[in-house]
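Try each task before reading its solution.

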Amino acid sequence: MKHFWMILFAIPLFAQDVNKNNISLGMFDDKTGFSFIGYTYNIKQDEMDEFFIGVGTMIVGFTASAGWKRYYKKSKLSIYSVLSGQGVIHMGFSGFMPNASLGLEYNLSRRTQVKIGGIGLMLLDGASSEFGAFPYVGLNFLF
């Protein structure tokens with residue numbers, strides 16, 4: 001009977017949708033923007049599209065994001081783009097930052113990826129706006 005209860009509680013853990021949670025480490029991020037550590041959750045996911053929400057931090061700043069990731073080629077080396085909107089709080093400054101990125105994703109294993117690409121953004125704080133483009137590189141862990 002004890003084994004029956006263990007099986008009953010363990011099945012839901014393994015029956016959950018896989019790869020809905022992502023943790024990114026690296027220099028900036030395609031989904032969470034200016035962050036060294038980012039977490040995203042895929043709300044809706046199919047073969048070529050992901051809709052996500054996420055948060056990121058660069059120790060002195062914080063971002064909250066929501067967006068869409070589209071794969072153009074999905075294999076061991078994938079090509080994709082991301083469109084997202086982010087709320088940014090950084091050392092007393094806060095604003096909205098829409099961005100677009102184009103990148104390559106190389107699968108090291110089933111749950112680990114290396115991402116590299118470029119991100120273009122526009123920072124809006126109500127009084128002014130600034131534009132910029134930056135490269136990004138990082139590791140992504142799926143679970």
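The exercises below use a predicted model.

**Exercise 1.** Find how many aromatic pairs the whole structure holds, then classify the pair Phe-34 and Phe-134.

*Solution.* 
- A search of the whole structure gives 5 aromatic pairs.
- The ring centres of Phe-34 and Phe-134 lie 5.2 Å apart, and their planes meet at 70 degrees.
- Planes over 60 degrees apart count as edge-to-face, so this pair is edge-to-face.
- Phe-34 sits in the loop between β1 (21-27) and β2 (37-45), while Phe-134 belongs to strand β8 (residues 129-142).

**Exercise 2.** Decide whether Phe-34 and Phe-134 are buried, partly exposed or exposed.

*Solution.* 
- Buried means under 20% relative accessible area, and exposed means over 50%.
- Phe-34 has 22%, so Phe-34 is partly exposed.
- Phe-134 has 33%, so Phe-134 is partly exposed.

**Exercise 3.** Classify the pair Phe-51 and Trp-68, and place each residue in its strand.

*Solution.* 
- The ring centres of Phe-51 and Trp-68 are 6.4 Å apart, with planes at 15 degrees.
- Planes under 30 degrees apart count as stacked, so this pair is stacked.
- Phe-51 lies in strand β3 (residues 49-57) and Trp-68 in strand β4 (residues 61-73), 17 residues apart.
- Phe-51 is partly exposed at 37%, and Trp-68 is partly exposed at 32%.

**Exercise 4.** Name the ring under the charged end of Lys-69, and the ring under Lys-74.

*Solution.* 
- Lys-69 has its charged end over the ring of Tyr-80, 4.2 Å from the centre.
- Lys-74 lies over the face of Tyr-71, 4.3 Å from the ring centre.

Methods. Residues numbered from 1 in each chain as written. Predicted model: local features only at pLDDT ≥ 70, side-chain atom pairs only at ≥ 80, totals over all residues. Heavy atoms only, no water. Phe/Tyr/Trp six-rings, centres within 6.5 Å; stacked < 30°, edge-to-face > 60°. Helix = DSSP H or I, 4+ residues; strand = E, 2+ residues; numbered from the N terminus. Buried < 20%, exposed > 50% of the residue type's maximum accessible area, 1.4 Å probe, protein only. Lys NZ or Arg CZ within 6 Å of the ring centre and 35° of its normal.
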